[in-house]
Amino acid sequence: MADFLLEIGCEEIPARMIDPAREELRRRVADVLQKQALAQSPELEAYSTPRRLAVLAKGIADNQADVEEQATGPAWKAAFKDGQPATPAIKF
């Protein structure tokens, strides 16, 4: 398990916005760590000053578990015209 520190330097944050900004950053970091399967219930500490926002996450996994995904492309008729790849096939 590892620790992760995210520190963001910014312009002066008005005093009334520091606490909500700190909590928003904390919430978003927790969401990303859970969605990316790096921590189920991360232990987070959020810090703030008028020019800095920071989040310290403890107990983060060193790597993600392997995941297999299957992506289905466009239908053959839409993907190829006259034997050449059409826009849907190229963008897929």
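The structure is a predicted model, in which local features need pLDDT of at least 70 and side-chain atom pairs count only at pLDDT 80 or more, while totals for chains, interfaces and linings use all residues. Residues are numbered from 1 along each chain as its sequence is written, and side-chain values use heavy atoms, with hydrogens and water left out.

Three helices and five strands make up the protein, where helices (H or I, at least four residues) and strands (E, at least two) are DSSP runs numbered from the N terminus. Read from the N terminus, the order of elements is β-α-β-β-α-β-β-α. The overall dimensions deserve a look: the radius of gyration is 21 Å, whereas a compact globule of 92 residues would have a value near 12 Å. Here the radius is taken over C-alpha atoms, and the globule rule is 2.2 Å times the number of residues to the power 0.38. Along the principal axes, the C-alpha atoms fill a box of roughly 65 × 35 × 15 Å. Of the 92 residues, 20% are buried; buried means under 20% relative accessible area, exposed over 50%, and partly exposed in between, with a 1.4 Å probe and protein chains only. The protein exposes about 7,400 Å², of which carbon and sulfur atoms supply 52%, with areas from the Shrake-Rupley method and a 1.4 Å probe. Among contacts (heavy atoms within 4.5 Å) between residues at least 6 apart in sequence, 57% join residues at least 24 apart.

The buried residues of helix 1 are Ile-18, Arg-22, Leu-25, Val-29, Ala-30 and Leu-33. Viewed down the helix axis, these buried residues fall within an arc of 130°, so they line one face of helix 1; the arc is that of the directions from the axis to the C-beta atoms. As a reminder, an α-helix has 3.6 residues a turn, so residues three or four places apart point the same way. The cover over the buried residues of helix 1 includes strand 1 (2-9), strand 2 (43-49) and strand 3 (52-60). On the other side of helix 1, Arg-16, Arg-28 and Lys-35 are exposed.

Those strands also pair with one another, pairing being called when DSSP finds at least two bridges between two strands. Strands 1 and 3 run antiparallel and are joined by seven bridges, with Phe-4 opposite Ala-57 of strand 3. Strands 2 and 3 are likewise antiparallel, joined by seven bridges, and a hairpin connects them through two residues. In this pairing, Glu-43 has Lys-58 of strand 3 as its bridge partner, and Ser-48 stands opposite Leu-53.

Ala-37 has a positive phi of about 55° although it is not a glycine. Ala-37 follows helix 1, sits in the loop between helix 1 and strand 2, and counts as partly exposed at 40% relative accessibility. Asp-82, also not a glycine, has a positive phi near 55°. Asp-82 lies in the loop between strand 4 (80-81) and strand 5 (84-85), and is exposed with a relative accessible area of 81%.
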